[in-house]
Amino acid sequence: MNAAAIPDRNLALELVRATEAAAIRASSFVGLGDKNAADGAAVDAMRAFLGTVAFRGTVVIGEGEKDQAPMLFNGEVVGLGSGPECDIAVDPIDGTSLTAAGRPGAISMIAASDRGTMLDASSVFYMEKIVAGPEAIGVVDIRNPIGENLRALASVLGKRVGELAVGVLDRPRHQVLIEEIRAAGAGTRLLLDGDVGGGIAAASLEGELDLCVGTGGSPEGVATACAVKALGGLIQGRLVARDDDERARGEAAGLRFDTHYEADELVKGNNTFFVATGVTDGPLVAGVRHRGAIIRTESVVVRGASGTMRRVLADYRAERWV
């Protein structure tokens, strides 16, 4: 691939405009109880802004696959068509239920990488994941019992196990896992929704989590990997088929079930981008603020090639969004 076709640092700042737009549109529906309306508004806004970006982005992980949306579906090509070719993963709202209920932790996110580098796991809905900071590399392993991982992580962090904070999606399927974490002596932080934000919080310096673990969406796992790789953290994933038919579809697509995926298998190379804007307040970013004539957003922009994580505050004139 020639240099002109490789996504450069400016792409992240272009993509953040799309997550800002989606978050602003979704913010009008916070607490109104209609997650479909919130998601639809966010999809429309993100799709419109992506159409102004000078790139050719192929949606590898899309909104339509999960929510039957008419736009941003798997395989759709977005952008002006000029500039670099990319794989992109989009989620106009990671946490639609959080948005509808007015709860914290909802974000709008886009991940991007060089064309052909993202694992296409769309045929399998769930992935077991484990995410932590750089210290966990070579120490924590998804194949080990959770208690063993917690003791190893505590040792390398110089903490007692009882000081560890472990993020887990609050789902019935995690009941045994939660009991095992607590039995080992660590404290859980139960996430109502949105394990992308939880994973990034576990991998980043200022996140309140030491580890994020459990089974969530496989698309979210690939998107999280784009950010975690830039942060130098650990992410491993193991696909989980819901039934024999799904396993067969996954195997036909070339996916593996009897082993785990390392970060470089989830997303190849280091030329990754991850951008996220807060819809509601959360541990990663603040939510959209409406202050009279001004709308303020907070975003994170993570770039793998440079290993940087930037925070972006943007103020918009409210009249433009009426």
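This is a predicted model: local features need pLDDT of at least 70, side-chain atom pairs count only at pLDDT 80 or more; totals for chains, interfaces and linings use all residues.
**Cavity and helix pair**

Student: What volume does the largest cavity have?
Tutor: About 90 Å³. A cavity here is a set of points on a 1 Å grid over the protein atoms alone where a 1.4 Å probe fits but cannot get out, and its volume is the space filled by probe spheres set on the points.

Student: How many cavities of 30 Å³ or more turn up?
Tutor: Searching the whole structure gives 1.

Student: OK, which element gives the largest share of its lining?
Tutor: β8 does, with 5 residues. β5 (126-132), α7 and β8 (211-217) each bring at least two. Lining residues (an atom within 4 Å of a point) include Lys129, Leu169, His174, Asp195, Gly199 and Thr224.

Student: And by class?
Tutor: The lining has 4 nonpolar, 6 polar and 2 charged residues, with Gly counted as polar.

Student: Switching to helices: how do α7 and α8 cross?
Tutor: The axes of α7 (residues 195-203) and α8 (residues 218-231) come within 9 Å and cross at roughly 20°. The two are therefore roughly parallel, a label for angles under 35 degrees.

Student: Which α7 residues meet α8?
Tutor: Asp195, Val196, Gly199, Ile200 and Ala203. Their partners in α8 are Glu220, Thr224, Ala227, Val228 and Leu231, with contact meaning heavy atoms within 4.5 Å. The contact residues split into 6 nonpolar, 2 polar and 2 charged.

Notes:
Residues are numbered from 1 along each chain as its sequence is written. Side-chain values use heavy atoms; hydrogens and water are left out. Axes are lines fitted to C-alpha atoms, for helices over the stretch in contact, and angles run from 0 to 180 degrees between N-to-C directions. Helices (H or I, at least four residues) and strands (E, at least two) are DSSP runs, numbered from the N terminus. Angles under 35 degrees count as roughly parallel, over 145 as roughly antiparallel, 65 to 115 as roughly perpendicular and the rest as oblique. On a 1 Å grid over the protein atoms alone, a cavity is a set of points where a 1.4 Å probe fits but cannot get out, and a pocket is an open set with protein on both sides within 12 Å along at least five of seven lines; lining residues have an atom within 4 Å of a point.
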